[in-house]
Every structure is written in structure tokens, then in C-alpha cells.
Amino acid sequence: MRTFTVRRARFIALCLLPGVVFVVLFTYYPMVRGAVIAFQRYNLFDLTSTPFTGLENFRAVLAEDRFWTALRNTGTWVAVSLFFQFFLGFGLALLLRRHFRGRGLYQAWVFFPWAMSGFLIGLLWRWMFNGQFGVVNDLLLKAGLIEERIGFLASPGWAMTSVIVANIWYGVTFFAIMIMAALQSVPGELYEAAAVDGASRLRRFWHVTLPHIRPTLALIVLLRIIWILNFPDLIYAMTGGGPAGSTDIITTFLIQQVIGGDYGRAGAVGLLILALLLAFSIFYLNATRFEKAR
Amino acid sequence: MRRLGTVAKVVVLGAWLLITLFPLYWIVVTSLKPKPEIFSVPLRYWPANVTFEHYAELFEFADFGTYLLNSLLVSLVAAAVVTAVGVLGGYTLARFAFPGRGALMLAFLVTQMIPLFIALGPLYLLMSDLDLLNRLAGLMLVYVAMLVPFSTIIMRGFYERVPVALEEAAQVDGASRLAAMVRVVIPVMLPGIAATFIFAFVQCWNELFLAITFIDSEDSKTIPVAMNSFITQYDIDWGSMAAATVVSVVPTLVLFAAIRRYIVEGLTAGAVKG
């Protein structure tokens, strides 16, 4: 039917060209160059010579205590944020699952953090967690939960908790909406059949709903893990990684290297992040597929 | 028992709504309080004396008007280009099977997993080579590249919902492929196109790390860059910061509300299908 294949090929090429050019020039080219720079001595403030130094940058990064602290913090940041976002989101999704009057309006209101950037959210919570004039301290005092004000962002012990609280606040709604969509994808006949068999609500949830949405949940969780790990914006605005590196995660560490002008080391950190993401994704996909087969 | 369940549900949903909205309320209230009231204990949950002085300061001393215009210009142009490129690319990905299509989709998807700030250093060098540092045009180019994969993938999804028969009918009637696309398919997709545009706009409006790396001069600061430079000073002037937050979030809030349905659909369709 469509015989003018040369014309068609030209049409396809013309349509795709702009997008491909942009992505190659401003995404893939810098990434490749960053990978090369990782093996060079490359400091923005001294570009007179940029010799290849092999694994020197990697060695320097791995020798820094701050890197290992950041790596450990990344684990805490991702795991704790994810845990609460997932379970609170799941609960909210179950409550929102059935239609009720005003559900659309409710969703519109609880969705608003998604119009904000991580940077703005960081600023918002930085102010709320302020040691002297912060509203969080004030509310806790009023409720009698604490005796005196806490320097949430000034004390290394509290800072990580504080940034995680802000992150949970941000992410719960997202999880809720994704999980709600997954729940609604379960065919109604499955429930009817289970109900005819006399299964209780809990059993229906466990034996019908959960197996059906498990692949979707597995995917959502993987995407969120990658996303939370790659989300330095909020921490950057709230604490800048401090105090004393206690809220540094691997991506805020990377940004500090860039701001410091050491592009060689920044490249090395970038490659380490990529390797970490790749290794984790492969491991995770294997693990969840294994689950599914069982 | 049933009644109890309903009450519990309303309480939990109400509590979550309160937790979600309170920070927004708090920043608005802060922005309306005179300075002594912001920095005084006990805290006032309702401003005793409403003032707009922080908003006035932003525009008088911080030159916020320029930043607003810069942000507006960058976001509008970048979002328009992103949407146009997505409309073109998405069409071919949805309608033709051609060698390399799978590879291209993968190449686009991968960029969504890896944040662009991993290449922040080399991007700076590239901008410097092209003499685009401190220029809004440079920021636009990078933002377009950042958002093109997303817009192309989303557009492909929208095209796939439009029956091919619709354009074939137009082509049988003698319209060229392009004419069929412009006159028959695009009108059907207008809501989706608008949603993509708004989403891209909000992303550009909010972007921080690329902007603070490339932009340093007062004339070409965008709002996030300007706000970031408020922080680096020793003391944050929370009154101005609160006002700046409100000014920068209100437009995106309105736009987001307009396309919320499509965002939710887009997000969930992608995840549930996979």
C-alpha cells in the first residue's frame, strides 16, 4: 500500500532528526566525555595540562572518608524513604480505591507537592525545621513531646531524619497514585469468582490482588529507588550535605566535586554511580523475576 | 462496624490532607508577616499584621522581575520546542516500523534513568566551547535535550490511541501524509499536547543544577538561580525567601492543576503497562 519507501524513509529521518541531534549533542556526548575525563587529571582551575592518569581519580575518591559516608548515607536515605513512601502510599491507595464524592478534588489537593521542585521543597522544610523559629519545634513543644527546641538541621544525629521526613512527605502521594492505578487494573471478575468461592476480604487481597499487581509494584519500586538515589535537590536546599557530611548522599557528593571544579573526580563519581545503578538494577530484576516464577 | 470504617477513613484522609497542605500554608503565612513577627517566639499561626513588604522587596531590591521574565522566556521557548520535537518524533515511532526503532526508544528511555547532572562538568565545558555560558539560549538548548526523550515517548503513546484509519481516510481523500497529520490527528491530540507542553514548562521553571552551573550574571539568572544565591549569604532572609517561594510556585501550581489528570494518566499508563 505504502510503496514510496525512499520518500517514507526521508520522512521518518526528518521527523526524528531534531530530537536525535539534541539528545546526542547535549546528553550522550557530555556523558561520554565525562567518562573519558574520569581517567584524566581535569581541574577547571588549571586546564593547562590534562594528562591521562589511569585510575588515579577513582583511587582518590575511594580514599576519601566523605565518599564512604555518602555511600552509607545513600543506603539509609533510599531505604528509609522508600519504606515509608511505599507503605503510607499503599495505605492511601487502598483508601482512595473506591470512588467517593469529592475524590477527584481530594486527589488534586494532595497532588500539589508535585508542582514544586525538590529545591523549593527543601527550602520549605528548612524553614519548618529551623531550630529557633521553626514550626515543627513549636508544634512538638505544644504537644508536650519535647522539652526544649531541637536543632534539627544543625545536629548530625537529627539532620538525616529531617531530610528523610521531607522526602517522605513529597513521595507518598506519588506512590499512592501509582498503586491506585495498579489496583484498578485488577479485573473485577477475579474478585467475583473469589467471592463466590467464599473468600474473605483479607484472603481476596492476599490471593487475588497482591499476585496480580506484584509485577507493577516491582517496577514502581525500582523506578523510585533510582529516582530517590538521584534526588540531591532536596538535600542540597535543606542542608547542603551537612552538618559535617551527615546528610551527604552520593549525588550531593558528586555536585560538590563539580562545584569544586574537579571534573576528573566528578567524572569518576559519575561512573561509580552508573555502575552502582546498573549492578543494582540487574540484581533487582533477577530477584523479582525469581519471585514471579515462584 | 461499617460506619466505624467510614469514620476512620475520613479521619485518615483528612489528616493526610492537613499534613500535605500545612507546609504550603506556613510558607504563605510567613511571607505575609512583618519581620519582627517572623522571628519571634511564640510563633503566630495567623499573622497579626498582614504585610506585602517582602514581595515589594523582591521586586525593588532583588530585581525579581528580571528573573521572572528570564524564567518565563526560557521555559516557554524550551517547552514549545520540546513539544514540537515530540510531536514529530512520536509520530514516526508510533506509525512506522523501521530498523533502529527499538534502539532509539531504548536510547531515549536510558536518559530518563540517568540524571543529566551526572554530566554536569562536561556540559559546562561544552557550553563554554559554544560560547553559551551566561546565556538564556544555552539553557534552553540543554533543557530541550533534557526533555525531548520524555515528550517523544509520551507523544508516541498519544498517537497510538488515535486510530490509523482516521488518517488513512484523509489520505485516500488526497491529503498528503503531513497534511493528514496536521489536520486530522493533531486536533484529536490537542489536550495531550497541551499537557506535555505544561509539564515541560514546569520542569524548566523549576530546574536548578544546570542553571546554577551555567548562569552567573545578574542579567540572565532564572528564579531558582536567584533563590540559590539568597541562601549562600550567611543569614537567610526568610521573609523574602518565603515570598520568592510563593511567587515561583503559584504559576506552576495553577498549570499543574490544569493537567493533573493527564500527568496521572501518563505516569500510571507507563508503569502499569510495563
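Reader: In this predicted model, which hand, left or right, does the crossing of α4(B) and α9(B) have?

Author: The crossing of α4(B) and α9(B) is right-handed, and the two helices, residues 64-95 and residues 177-206 of chain B, cross at roughly 140° with axes that come within 8 Å. Sorted by class, the residues in the contact of α4(B) with α9(B) are 18 nonpolar, four polar and one charged.

Reader: What makes α3(A) and α7(A) oblique to each other?

Author: Helix α3 (residues 65-96) and helix α7 (residues 156-184) of chain A pack at an angle of about 40°, their axes being 6 Å apart. Roughly parallel would require an angle under 35 degrees, and roughly perpendicular one from 65 to 115, so α3(A) and α7(A) count as oblique to each other. Their crossing is right-handed, and the contact of α3(A) with α7(A) has 21 nonpolar, seven polar and no charged residues.

Reader: How do you know that Arg33(A) and Asp129(B) form a salt bridge?

Author: The closest N and O atoms of Arg33(A) and Asp129(B) are 3.7 Å apart; the cut-off for a side-chain nitrogen of Arg and a carboxyl oxygen of Asp is 4 Å, so a pair within that distance counts as a salt bridge. The count between chain B and chain A is one salt bridge.

Reader: What describes the extent of the interface between chain B and chain A, in residues and in buried area?

Author: In residues, 88 of chain B are in contact with 84 of chain A, while in area the two chains bury about 7,800 Å² between them, with 81% of it on carbon and sulfur atoms.

Conventions:
Residues are numbered from 1 along each chain as its sequence is written. Chains are lettered from A and ligands numbered from 1 in the order in which they are written. This is a predicted model: local features need pLDDT of at least 70, side-chain atom pairs count only at pLDDT 80 or more; totals for chains, interfaces and linings use all residues. Side-chain values use heavy atoms; hydrogens and water are left out. Axes are lines fitted to C-alpha atoms, for helices over the stretch in contact, and angles run from 0 to 180 degrees between N-to-C directions. Helices (H or I, at least four residues) and strands (E, at least two) are DSSP runs, numbered from the N terminus. Angles under 35 degrees count as roughly parallel, over 145 as roughly antiparallel, 65 to 115 as roughly perpendicular and the rest as oblique. A crossing is left-handed if the near helix is turned anticlockwise from the far one by less than a right angle, and right-handed if clockwise. Ala, Val, Leu, Ile, Met, Phe, Trp, Tyr, Cys and Pro count as nonpolar, Asp, Glu, Lys and Arg as charged, and the others, Gly among them, as polar. Contact means heavy atoms within 4.5 Å. Buried area is the accessible area (1.4 Å probe) that two parts lose on being put together, summed over both.
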